Every structure is written in structure tokens, then in C-alpha cells.
Amino acid sequence: MAYQKPVYNLTYRMLGNAAEAEEAAQETFLRAYTHLGSYDPKRPFRSWLLSIASHYCIDRLRRRRITWLPLEDEIATVDGAAEISPRAQGEGLTPVNLASETPNPETTVVREEREALIQQLLDCLSPTDRAAITLLYWYDCSYKEIAETLDLTVSAVKSRLHRARRALAERIEGETSYAL
Amino acid sequence: MRCEQAGEMMSAWLDDRLDRTEIALLEDHLAGCRACQVEWERLRALDRLLASAPMVSPPVRLRVEVMARLHRRDQARRALFGGTTLALGTVALVSLALAPILLGLLNATGVAPALISGGPATIAQLLSFTGAIGRALLVLAETFAVPLAFLSLCSLALALALNRLWLGAVRRLHTARHTF
């Protein structure tokens, strides 16, 4: 199962905690296995899997609005230097906390704080906007790919991304020490 | 250019979806609009934060858990299918075995002709017949309690053995088809 990491990362970014993300990733693979007959080979397999995961998480987040869930959950572990997101690689970013494979406690704390901040930011978005932002930043998907994955039009994706970024940018004010 | 349009273009610029002319237009607007400059800096800070975050690694048990759930689900389906098939087969066999006896009894007691021809005496005859069958069953149970219990246990053991053979055959067939 070479797709464990992309699927789990998506479910984690969408749901915000490790326990739910793991359950959602498991469910994604089970659904993919069950509906393997409906997979169109012309479509990239990863995109199909991410679509299943996205829709599952969106449904779950919508249900969560009427179901009480614990707020305190463990922060998932994060990989080392080899797993910078595609956009970061494109921009030549080498964050200080990813520079070493054996991070010291200080960098671990910075990393965990950054992860917590990112999840806080993502939590303020609607489920579909959260999926769009996640697919853009962690999977380097084009607008068209995001639209296909989430069953939206390209113009809807553009508008959602713009709206989501503005909402996140407003919230990030005061937290720029992480970002700069 | 209006600020709203500039905002949409900022988002597109972050995604490298602006041509040179559009970038020049946006830069002109930014040079003369303090509010948009602030928004642009916020958006860039957000972009750097999200782009620097790595993919989250799944727990090592994810693959094992998925395979275990698939296995359990397949077992449950096979058991349900096998059990249903056996139950239906048993009912069919018992029905076939009892049909001649029941038909004989119905004819002998005159219930069958009464049911066919109809009439007010039919219900009384049917009740009488049911009572007779009940009494006969009680006598049979008292007389042949031990053999009947033995027969039931044998049937149960046979059903279990057949079920196990069935599951084994399905599993071997499944393993041969899918080398997952």
C-alpha cells in the first residue's frame, strides 16, 4: 500500500487528530477495495483514492457539527527532511525544523507548535474549503485536479481557494513568527 | 483595478497562474494601495507556512489494520453467504422429505379434499387436524426423544462440517485469484 502516506496526510489535515485520521484512512482503503470495479484506469489512482478520502472526511466533518467530539487529541508525528511538501520544494524552502533527521527537542517543539497552528487554521474552514487547501498545498494539485477530486467546477475551486486564503490570512495575523 | 479583483489575482499569483501583464497590473495596484499591500504580505506569510509543512506520516499499524479489517469483512461475508446457503438447502431438503408425509396425512384425514372444495366444515376439520398433529408430535417426542436428539446433533455436526468445507473452498479460491 504505497498510498498510505498521501491518504493519511489528507485525512489528518482534514480531521485534525490522529485517531480519527487513522480510522478515516482505513475506511478509505476499504471503500477503494470494495469499489475497485468502478475505478476508471484513465484516471490517476492516487487522485481516485484522494477523492474517496476527501468525500469521506467532508461527510464526517458535516456529521461532526451535530456530534460532540473531544477537543484534546494527540498531534500526529511528522516526518523528517525528505518529506517537504511539493510547494515548499518548488520554492526552495528548507525550514529549520526539517534540516536534521534527528531533531533536537527545541526543533521538535517548534515543529509541533507549527503543526498545531496549521490545524487550528484549517479548522476554521468549511470541510470543502479545507479539502481544497489541503490538495493544493500538500499534493500540488492543479485547479482542475482539485475540481475533479471534489466534484466542483474550476471557477468554484478558484473562488473557494481565494476565500479560504483570505480567511486564513486574517487568522494568521499575530502568528507570523511561524510563517516568516 | 479594484481591490476585490486584486485579491483574486493575489491568490492566482501565489499559484503561478498569472502572466507577465497581469503581474505588472497587480504590482501597479499594490504600489498604490496600502490595504492590498498588507493583505499581500499576510497571504505570502500564510503561503510560506503551509508550504513548509511536511506530510504527516501514518502509524506503522495502518497497513496491518486495513488488511485485518478486509480479512474480517471477507470472513463475515463468506460466513453469511455459506450459512444462508446451508440454511436454505436444509429447509429445502426437509420440505422435500416431509412433503409426501404431509400430503398423505392431509388426504387421509380428509382435510385436503375439504380445503379444495371449501365449505363451513373446513375450519373445524383443520382445527381437528392441527390438534391431532400436535398430539402425535408429543407422543413421538416422548417415545423417540433420545433418537431425535441424536439426529439433531448429527444434523448440526453435518451442517458445521459442510460450512467449514465451504469456507475453506471459498478461501482457497479467493487466495488463488488475489495475491494482494
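At what angle do helix H1 and helix H6 of chain A pack? The angle is about 140 degrees, and their axes lie 10 Å apart. This is a predicted model.

**The helix pair in chain A**

An angle over 145 degrees would count as roughly antiparallel. H1(A) and H6(A) are therefore oblique to each other. Their crossing is right-handed. On the H1(A) side, the residues that meet H6(A) are A:Pro6, A:Asn9, A:Leu10, A:Arg13 and A:Met14. On the H6(A) side, they are A:Arg130, A:Ala131, A:Thr134, A:Trp138 and A:Tyr139.

The helices named in this report span these residues:

| Helix | Chain | Residues |
|---|---|---|
| H1 | A | residues 4-15 |
| H6 | A | residues 127-139 |
| H2 | B | residues 20-32 |

**Chain A as a whole**

Chain A has nine helices and zero strands. Its length is 180 residues, and 39% of them are buried. Take the contacts in chain A between residues at least 6 apart in sequence: 64% of these join residues at least 24 apart.

**The core**

In soluble globular proteins, nonpolar side chains tend to be buried together. Here, the largest nonpolar core holds 60 residues. A:Ala53, A:Ala132 and A:Ile146 have the most contacts inside it. Leaving out residues up to four places away in sequence, A:Ile146 touches A:Ala132, A:Leu135, A:Leu136, A:Cys141 and A:Val157.

**A helix in chain B**

Helix H2 of chain B has 13 residues. From first C-alpha to last it reaches 19 Å, close to the 18 Å expected at 1.5 Å a residue. Of its 13 residues, the number buried is one, so H2(B) lies largely in the open.

Technical notes:
Residues numbered from 1 in each chain as written. Chains lettered and ligands numbered in written order. Predicted model: local features only at pLDDT ≥ 70, side-chain atom pairs only at ≥ 80, totals over all residues. Core = buried A, V, L, I, M, F, W, Y, C linked by C-beta atoms within 7 Å. Buried ≥ 20, exposed ≤ 12 C-beta atoms within 10 Å, placed from the backbone. Contact = placed C-beta atoms within 7 Å. Helix = DSSP H or I, 4+ residues; strand = E, 2+ residues; numbered from the N terminus. Expected span 1.5 Å × (residues − 1). Axes fitted to C-alpha atoms, helices over the stretch in contact; angles between N-to-C directions. Parallel < 35°, antiparallel > 145°, perpendicular 65-115°, else oblique. Left-handed = near helix turned anticlockwise from the far one by under 90°.
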